[in-house]
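Thanks for coming. I have one model to go through today, so please look at the screen.

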Amino acid sequence: MFATTPLRIVAVSAGLSQPSSTRLLADRLAAATRERLAAEQDGDGRDVEVRVIEVRVIELRDLAVDIANHLVSGFPSATLREAIDAVTEADGLIAVTPVFTASYSGLFKSFFDLIDNTALTGKPVVIAATGGTARHSLVLEHALRPLFAYLRAVTVPTSVYAASEDWGSSGDEYTEGLPSRIRRAGGELASAVLGRTVSGASRAPGLDDGEDAVVPFEQQLADLRLD
């Protein structure tokens, strides 16, 4: 039986070219999340309603002029307002940017500057970036993760960086390939959206547990919303 309220996954792509590796990464992360959400609902084993999964990708390049006008006028166009609402109302968010000057793109930052700093509170987010070289991969931890921490979102543990050489690579004995990282990040986002622990732990901490006890993801969200 299907529930009336769908699970909404929104991916924001800040790629400028067309075709764009940034859009491709957003599409693949969205597909991995959808696949895991469908699998976890089908194999849940509990008598619960199955929710329809809706996936949408927002291309910021199509909103660039609207974003600039909103920054100087304070009034969003109908199209931009609808995109912002889609992001803030999503059950899970995927945010992907190309790397420019060792950070996220100006278009990416400008869009998220328009979102109220409490609108993403508790929302599960996958952060991802693309670049020409692997040397920029730390942009995920130095720029994107702090940005979404400020917005009070909950970023999943796995972030995904795709350099030019990562496309088509299966990795080696020391490094996971891009497809594996995409599947892992999508799985973590799906688990977070369904209110499960991202780590796979399922028990609540007991009286005998110490400070390192596992805290269920839904409790993490509840604690964050109290902030």
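This is a predicted model: local features need pLDDT of at least 70, side-chain atom pairs count only at pLDDT 80 or more; totals for chains, interfaces and linings use all residues.

Residues are numbered from 1 along each chain as its sequence is written, and side-chain values use heavy atoms, with hydrogens and water left out.

Strands here are DSSP runs of E, at least two residues, and helices are runs of H or I, at least four, numbered from the N terminus. Eight of the eight residues of strand 5, residues 124–131, are buried, so strand 5 is largely enclosed by the rest of the structure. Buried means under 20% relative accessible area, with a 1.4 Å probe and protein chains only. Pro124, Val126, Ala128 and Thr130 point one way, and Val125, Ile127, Ala129 and Gly131 the other.

Strands pair if DSSP finds at least two bridges between them. Strand 5 runs parallel to strand 3, residues 92–100, with six bridges; there, Val126 is the partner of Ile94. Strand 7, residues 160–163, also pairs with strand 5 in the parallel sense, over four bridges, and Ala129 stands opposite Tyr161.

Now the helices. Helix 4, residues 106–113, packs on helix 5, residues 139–150, at about 5 degrees, axes 12 Å apart. That makes them roughly parallel, a label for angles under 35 degrees. Phe108, Lys109 and Phe112 meet Leu144, Leu147 and Phe148, contact being heavy atoms within 4.5 Å.

Notes. Axes are lines fitted to C-alpha atoms, for helices over the stretch in contact, and angles run from 0 to 180 degrees between N-to-C directions. Angles under 35 degrees count as roughly parallel, over 145 as roughly antiparallel, 65 to 115 as roughly perpendicular and the rest as oblique. Buried means under 20% relative accessible area, exposed over 50%, partly exposed in between (1.4 Å probe, protein chains only).
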